[in-house]
Every structure is written in structure tokens, then in C-alpha cells.
Amino acid sequence: MADQSIPEARNHGATRAKPGGDTGPTGPLGSESTGTAKNARSTTAAGGISRRRLLGTAGATGLVLGAAGAAAGHAAAPSSAASPLTSLGSEQAMFHGKHQPGITTPLQARGHLIAFDLAAGAGRREAAALLRRWSDTARRLMAGEPAGGRDTDVARDAGPSSLTVTFGFGHSFFARTGLDKQRPVALDPLPDFSSDHLDKNRSNGDLWVQIGADDALVAFHALRAIQRDAGTAARVRWQMNGFNRSPGATAHPMTARNLMGQVDGTRNPRPAEADFDQRIFVPEEPVPDRGAPAWMANGSYAVVRRIRMLLDDWEKLSLKAQEEVIGRRKSDGAPLSAGSDATETTEMDLEKTDGSAKLVVPINAHARITRPDQNGGAAMVRRPFSYHDGFDADGVPDAGLLFICWQADPLRGFVPVQRKLDRGDALSQFIRHEASGLFAVPGGASEGEYVGQRLLEG
């Protein structure tokens, strides 16, 4: 939850949210960083509407008829020019590109994270065939088309709905495929942290897939297609499901909130910043001393953590106590050091004191600890999903954050921030890290390529 923010969800309609904003919790639950870039997107022109998108227009117009068209009695016959989908359904992310989608894409309303282990006897050849299948399916679905082969029709009436599918490789993948010499140094296992209570069965994995979309059925459709495509080559190791606020749910664009009610995502690195690519993506010309192989050019590293929020304990705190834990106002995300007219992007004054010479932003406040300028410049793009998996045997909610952060090197991004949080973050007593994974996410696939081809066929 970091003051190090997340790509923000869009507002559809008259206004659209811009990436940006710091939020309450940061670091591995939040961190001081800001807004995120939009991945390339396009809304299909009327002349290029797919069968699914054409069918989707029925859902787009039905509410209008229900609200204002009782006299019509039934939907009019389709005209030669198809009606457009709602803005929610027509948003499309591009599969092919310099970077994989789902990294700088604005936050989506639904998400699925799933890890696979290669089946016994499966190796490099089977992995290459699998990534080829997965890439073809992802390309089709992100364009709003049915999956290849026998489609389940789950998302038949919907448009692309900002669907993204992102693929990564875990540490164990390289030994399984005989590619140990191609394993990046940056993929070395993460160190242990004091807040870790990790379930090994829900951590790591040979392969990792991130799915995001603004429609729940579109996201589920992609999940089932990816699982089906795995065939006998790989089996599911773990799966996690998450959500964010739906685009257009607020009266005006704003940074998302997490399940603690905090504005979460204010200080993510911004794509407009001169050093954004340097911090988040592996350079096209890999730096030898960082051990980045050529196949990782334009890629990134994803740290994935299931962070449980101890909501019963958190909600017992007064509003003032909650704000002091984070270092920001709960109402609007502005720093505690700022005046009443400040916003979440107002610069935090770390030295400001009150009348009793007490620091206004406490020394152990989450937003203070996670700031890049308090961590040697360490920065990462946080792009999480909230989750709620019911209640445990004691009736305590199993809810929190599926924390996902992106950086060019986790040893220079996630690790130093988490180590500092371990030494005295006020938020640590209200969260618990229950699962963890680190994955190498190669650059985007060019036309005619599949993701990871340069590794598997290099």
C-alpha cells in the first residue's frame, strides 16, 4: 500500500482520470511514488467492429430503452452503421508493442493473478509452444475477438473492456527448461522480511500471468482461456482474484482507495519523468554489471505480494490515529503537514512540527518511510488490486491488497523500501504479507512474435 502509487482507474464520460496521485498506504502496501502511464489504447472505428463488439451494442443501448423508451416496445432493427459500444466496453489495449500491456495501463476494475508450474517432463519445447498459444489467445481477446478454437462465449456480448494479459517467468522456470545461463541476476530470490508469514503453496511459480479488465466477465473469460490453453504442459499452482473501483464510479477523476479507505497511489513514478524508463524498464542495451540478458530488453520485474489487512484492528483506530499511521489525510490524501486547501500532490514537509515541537508527519508514518528520497531514490510503479476472500474460522475478514510493483531491478526498487519498512513502519502492525513472488516480465512481442520468443528460441 504505498505512498508509492498506482496507475489510476479511468473515469469514463465527460471527464477521464489522469494517471497520478499519492495515496495513503504505500510501499509494499503503498509507497511514495505517483501516477502511471497509459499503455497504447484505441477505440475501434465503426468500420472495423468485430462480431462480438457488434453484438455488444445490444447491452450498450438496452439501458437507454429501459429508461426512456417504453413507447418503442422493442429494440429497433440494426442499421447499416452499428451503434458504438459504451466507452467502458470499447476501450482497447494493444497486445503488440515495446512493452507488455498491464504495466503502465491505467488500473482496471477486475484482475486475476495466476501462476503455473510446468508439468513433469515438460521443458523448453513445451514452454515455447505454450507461450505461443497464450500470446495468440491474448492478442485475440484484447482485440475483442473470440479465443481461438472452441470459445466459451462468456464474453460474447462485450467489447475489449481494457483487457490486458501479461506474462512472466519465475526463478524455477529456467532450471526446468535448461535455460539457467539465461536467468537474470535480478531474479535471485527476495530476502526474508520480518512481516512475512508466507504460504509457500501460494508463492512463486514457473510462469505467471496477470489479467486485468474493466468487465468481470471479460476478465473471467480470459482467465478460463489461459487455463484451457495450458493443456498438459502446465498446471495451476495458485490463483488470486482482485478488484478496483469501476471506471466512472466517482463524480470526478481521482486516485483509487484501498480497503482501509485510504487514497492509495499518489507518488508513483510518472511516465513523463525523464528517468521513468530507466527506473521501470530494462534498457534496450542491457547493462552488463546488472546481469540483464538481452532477451529482457524493454522488460520489467514484477514483485507480487498478497498483503492481508487486519481490518478489524485498523477500524478500531480513531480517524486521527489512522492518519498519523499513514502521514496523510484520509479525506483527500493530502499530507498532514499541508494546509486545508492542499491536495494529495502537495509536497510533504517532513520537518514541520506542531506547537509542542512534535513532527506533524510522524517519524514512522508509512508515507514518510516509503518516499524515494528517503530510500536512496528507490522507486517502483505500484499497480495493485484489492481482494476479499471471505472470512476465516474466527470470523475475521480475509481481505487486503494484491500488491504488484514494477521496476527495472527489484534490488534497487522493492527490496530497499521493504527493508526500511521492516525497521519501523507504523502500518506494519495492521498488515501481514502472506504470499510472495518475483517474476521476470520480458518486453512486448512484435508483430508475428510471441512473448518470450527471444528467450525460448534465442
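## The largest pocket

By class, the lining of the largest pocket has 7 nonpolar, 8 polar and 8 charged residues. The model is predicted. The pocket has a volume of about 410 Å³. In total, 23 residues line this pocket, and those closest to its centre are Pro-189, Leu-190, Asn-204, Ser-436 and Gly-437.

Which elements each supply at least two residues of the lining? They are α4, residues 171–176, and β13, residues 431–441. Strand β13 gives the largest share, with 4 residues.

## Overall build

The protein chain has 11 helices and 13 strands. Its length is 458 residues, and 55% of them are buried. Take the contacts between residues at least 6 apart in sequence: 80% of these join residues at least 24 apart.

## Nonpolar cores

In soluble globular proteins, nonpolar side chains tend to be buried together. Here the largest nonpolar core has 76 residues. Trp-134, Phe-167 and Phe-173 have the most contacts inside this core. Helix α3, residues 124–142, supplies the largest share of the core, 8 residues.

What does Phe-173 touch, leaving aside its neighbours within four places in sequence? Its contacts are Leu-118, Ala-127, Leu-179, Asp-206, Leu-207, Leu-455 and Leu-456.

An α-helix has 3.6 residues a turn, so residues three or four places apart point the same way. Helix α8 spans residues 319–326, and its residues Gln-322, Glu-323, Val-325 and Ile-326 are buried. These residues lie on the same side of α8 because they cover an arc of only 155° around the axis. The cover over the buried residues of α8 includes α7 (311–314) and α9 (366–369). Gly-327 follows α8, with a positive phi near 95°.

Helix α10 runs through residues 414–422. Which of its residues are buried? They are Phe-414, Val-415, Val-417, Gln-418 and Leu-421. Their arc around the axis is only 165°, so they sit on the same side of α10. Just after α10 comes Gly-424, where phi is positive at about 155°.

Ile-211 belongs to strand β7, residues 207–213. Ile-211 has a relative accessible area of 0%, so it is buried. Residues up to four places away in sequence are not counted in what follows. Leu-223 is 12 residues from Ile-211 along the chain, and their C-alpha atoms are separated by 7.1 Å.

Thr-105 sits in a loop, between β4 (91–93) and β5 (110–118). Is Thr-105 buried or exposed? Thr-105 counts as buried because its relative accessibility is 0%, and the cut-off for buried is under 20%. Thr-105 and Ala-93 are 12 residues apart along the chain, with 7.8 Å between their C-alpha atoms.

Asp-153 is not a glycine, yet its phi is positive, near 70°. Asp-153 is placed in the loop between α3 and β6 (164–170). Its relative accessibility is 39%, so Asp-153 counts as partly exposed.

Ala-357 is also a residue other than glycine with a positive phi, of about 65°. The loop between α8 and α9 holds Ala-357. Is Ala-357 buried or exposed? Ala-357 counts as exposed because its relative accessibility is 60%, and the cut-off for exposed is over 50%.

How values were computed:
Residues are numbered from 1 along each chain as its sequence is written. Side-chain values use heavy atoms; hydrogens and water are left out. On a 1 Å grid over the protein atoms alone, a cavity is a set of points where a 1.4 Å probe fits but cannot get out, and a pocket is an open set with protein on both sides within 12 Å along at least five of seven lines; lining residues have an atom within 4 Å of a point. Grid points are joined across faces, edges and corners, and a volume is the space filled by probe spheres set on the points. Ala, Val, Leu, Ile, Met, Phe, Trp, Tyr, Cys and Pro count as nonpolar, Asp, Glu, Lys and Arg as charged, and the others, Gly among them, as polar. A nonpolar core is a set of buried Ala, Val, Leu, Ile, Met, Phe, Trp, Tyr and Cys residues joined through side-chain atoms within 4.5 Å. Buried means under 20% relative accessible area, exposed over 50%, partly exposed in between (1.4 Å probe, protein chains only). Contact means heavy atoms within 4.5 Å. The arc is that of the directions from the helix axis to the C-beta atoms.
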